[in-house]
Amino acid sequence: MNQMQDHENQRPTAPPPPVHPFVAPLSYLLGTWRGQGDGVYPTIPSFRYGEELRFSHSGKPVIAYTQKTWRLESGEPMHAESGYFRPKPDGSIEVVIAQSTGLVEVQKGTYNVEEQSITLKSELVGNASKVKEISRGFELVNGKLSYVVHMSTTTNHLQPHLKAILDKL
């Protein structure tokens, strides 16, 4: 393509849409977060990882979510997932997440505006031969986003699996 064609195919940059009223209570999440985390589980060696989360909106009553992790030593990619957070005015929230491993989660939970926290529990974990349940908790503490993920499998009860603390970029 020549420069003229390149220029003709570019879209003008529009200002971001207003935040939907359902999203407004969780607007503190919007943006990019980066930090480090720890993983543990009885069936695997413990590990540390780097992580980036992105929360964005389109003006609709939903927050788009993407996550990626990497090995701290090498920068090699480890895991990725994406999905949507659908907050409701009554403090409930629905979340769908597709993981790069092929596993999908449908979660329901609540959010607390004053505590700036979200608590989720899986309603469905699909395409998983061993994973039976996943819970997630997010909390904003002193300007940092922390989260914990608990997991149960066919051989282990619900217990801690991942935790991280992330700074907003």
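This is a predicted model: local features need pLDDT of at least 70, side-chain atom pairs count only at pLDDT 80 or more; totals for chains, interfaces and linings use all residues.
User: What makes serine 135 count as buried?
Analyst: Buried means under 20% relative accessible area. Serine 135 comes in at 14% relative accessibility, so it counts as buried.

User: Where is serine 135 found, and which residues does it touch?
Analyst: Serine 135 is found in strand S8. Leaving aside residues up to four places away in sequence, serine 135 touches Gln107, Leu120, Lys121, Val148, Val149, His150 and Leu158. Here a contact means heavy atoms within 4.5 Å.

User: How do you know that S9 and S10 pair?
Analyst: Two strands pair if DSSP finds at least two bridges between them. S9 and S10 have 8 bridges, in the antiparallel sense, so they pass as a pair.

User: What kind of sheet do the strands make?
Analyst: A closed barrel of 10 strands, running S1-S2-S3-S4-S5-S6-S7-S8-S9-S10 with antiparallel pairing. On average, neighbouring strands of this sheet are turned by 25° against each other, direction ignored. In general, strands of a sheet pair through backbone hydrogen bonds.

User: What else is in the protein chain, and in which pattern?
Analyst: The protein chain has 1 helix and 10 strands.

User: What is known about the largest pocket?
Analyst: It holds about 720 Å³ of space. Its lining takes in 31 residues, and the closest to the pocket's centre are His79, Gln99, Thr101, Met151 and His161. Several strands give two or more residues to that lining, among them S3 (63-71), S4 (77-87) and S8 (131-141). S2 gives the most, with 5 residues.

User: What makes a lining residue charged, and how many are there in the largest pocket?
Analyst: Asp, Glu, Lys and Arg count as charged. The lining has 5 charged residues, next to 15 nonpolar and 11 polar ones.

User: How many residues does the protein chain have, and what share counts as buried?
Analyst: There are 169 residues in the protein chain, and 35% of them count as buried.

User: What share of the contacts joins residues at least 24 apart?
Analyst: That's 36%, taken among contacts between residues at least 6 apart in sequence. As for the overall extent, the C-alpha atoms fill a box of roughly 60 × 40 × 35 Å along the principal axes.

Key
Residues are numbered from 1 along each chain as its sequence is written. Side-chain values use heavy atoms; hydrogens and water are left out. On a 1 Å grid over the protein atoms alone, a cavity is a set of points where a 1.4 Å probe fits but cannot get out, and a pocket is an open set with protein on both sides within 12 Å along at least five of seven lines; lining residues have an atom within 4 Å of a point. Grid points are joined across faces, edges and corners, and a volume is the space filled by probe spheres set on the points. Helices (H or I, at least four residues) and strands (E, at least two) are DSSP runs, numbered from the N terminus. Axes are lines fitted to C-alpha atoms, for helices over the stretch in contact, and angles run from 0 to 180 degrees between N-to-C directions. Buried means under 20% relative accessible area, exposed over 50%, partly exposed in between (1.4 Å probe, protein chains only).
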